[in-house]
Amino acid sequence: MFDQTLSFLAALGEQTGLAQFYWGNVVMMAVGVAMILLAIVKKYEPLLLVGIGFACIIANVPGSSLLEPGGLFYDAYLGVSMLILPPLIFFGVGAMTDFGPMLANPKLVILGAAAHLGIFVALISAKLLGFSIYEAGAIGIIGGADGPMAIFMAVKLAPKLLPQISVAAYSYMALMPLIQPPVMRMLTTKKERMIRMRQLRVVSRLERIAFPIVVGVLINLLLPPVAPLITMLMMGNLFKEVIVTDRLAQAAANTIMNVTLILLDVAIGSTMVADKFLTFATIEVLALGLFAFMIGTGSGVIGAKLMNLVLKEKINPLLGSAGIASVPIAARVTATVALQDDPENFLIYQAMGPNLAGVFGTALSGGIMLALLK
Amino acid sequence: MNKDTTTFAIILSVIDFFLCFVMIAGIGLIISLLRYLDKFGKLDEDKMRM
């Protein structure tokens, strides 16, 4: 009787995930908990980190059927791998974004290109480390600090690295308030950081409406490989700016964006399974991503300083670091660092210009890369 | 041409970075021209909101 009970319990135990539990699961669960804690305690991108962290914890419970075909996490991940979610995120971002600062000061758009040196330094470094040119390209795009774009490029160029790349891109975007300021301070003097910017002009409604239409046509004409993302970004923005489709713009910016974000969080978190994630390649991708972010931040600041050599009216070089995409996190970091040296120097609106240009910079870099690698 | 080489990675990076500058400068130029649209007329936002 006692033996039978024991064997019954042993058989039951084998059917649970307990028998398959190993140290890797514990490590990844701890990573998930750390993400949630960072979101709660430090307020680092809670909309991303709470969902990703939770999905990471659950995905590392052995025996869960959520990751198998037909499972909740599996289906959410299909949205990423089939490139449905990234354009929807861009749609929501477009509907939420005021491109006014970029339209008001067009000369700052060049910073959107300057801050992308990190992409190429990471690309070459990844190739030197032995990754294929396609994997290196996908890893490099992490430096663009644009989550949906990083996912888009990873699916196109290196689907096997999608978990590592998406986790690196979103984690570093969330950690930008920690990564960027030391680089920004190292490359600027206090006097430079205290440069105040002139108030921007008012942008007319006609300009705001024409902008998404013109850019939508241009990108489809010149860079079809990244057209799905930019087209959706521009459509969302058009819905916002024409006013008469306010209901659709509100849906895109709130309901659609929130649902997509939840699915994206779950999809990314679910890829952080110990046996696939705890590899040396992950460490390399994470290190290269961090390197790309730091180089991109630095090249943006240096780009702004170079512009100051030819501009009559000097710009605050901190704006260069906002040229890395990641709207509006990079612009917020720029504004925060400027406020630390001068509590009355409000740069947030001006920083949004290069920050928005950074979205185009990353998309252009990715589009050109896809065209050259075809 | 074998694309999977470090040399190609460097060439790709240089071309991409340069073209990115050119294209984004082009976008900047077009954006700066948009303000001249206002010379052709203005939209009445109050009417649009009705």
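The model is predicted: local features need pLDDT of at least 70, side-chain atom pairs count only at pLDDT 80 or more, and totals for chains, interfaces and linings use all residues. Residues are numbered from 1 along each chain as its sequence is written, chains are lettered from A in the order in which they are written, and side-chain values use heavy atoms, with hydrogens and water left out.

**Exercise 1.** Describe the extent of the interface between chain B and chain A.

*Solution.* Begin with contact, defined as heavy atoms within 4.5 Å. By this criterion, 42 residues of chain A are in contact with 32 residues of chain B. Next, take the buried area, which is the accessible area (1.4 Å probe) that two parts lose on being put together, summed over both. This area is about 3,400 Å², and carbon and sulfur atoms give 79% of it.

**Exercise 2.** Identify the salt bridge between the chains and the origin of the residues on chain B's side.

*Solution.* A salt bridge requires a side-chain nitrogen of Lys or Arg within 4 Å of a carboxyl oxygen of Asp or Glu. One is counted between chain B and chain A. Its partners are A:Lys127 and B:Asp4, whose closest N and O atoms are 3.3 Å apart. Turning to secondary structure, helices are DSSP runs (H or I, at least four residues), numbered from the N terminus. Helix 1 (6–34) and helix 2 (45–49) of chain B each supply at least two residues of the side that touches chain A. The largest share, 21 residues, comes from helix 1 of chain B.

**Exercise 3.** Characterise the surroundings of A:Gln164.

*Solution.* A:Gln164 is placed in helix 11 (residues 162–174) of chain A. Its relative accessible area is 6%, so A:Gln164 is buried (under 20%; exposed is over 50%, partly exposed in between, with a 1.4 Å probe and protein chains only). Not counting residues up to four places away in sequence, A:Gln164 touches A:Lys276, A:Phe277, A:Thr279, A:Thr282 and A:Val285.

**Exercise 4.** Is A:Leu218 buried or partly exposed, and which residues does it touch?

*Solution.* A:Leu218 belongs to helix 14 (residues 205–222) of chain A. With a relative accessible area of 21%, A:Leu218 is partly exposed. Leaving aside residues up to four places away in sequence, A:Leu218 touches A:Leu223 and B:Ile30. Finally, A:Leu218 and A:Thr231 are 13 residues apart in sequence, and their C-alpha atoms are 10.0 Å apart in space.
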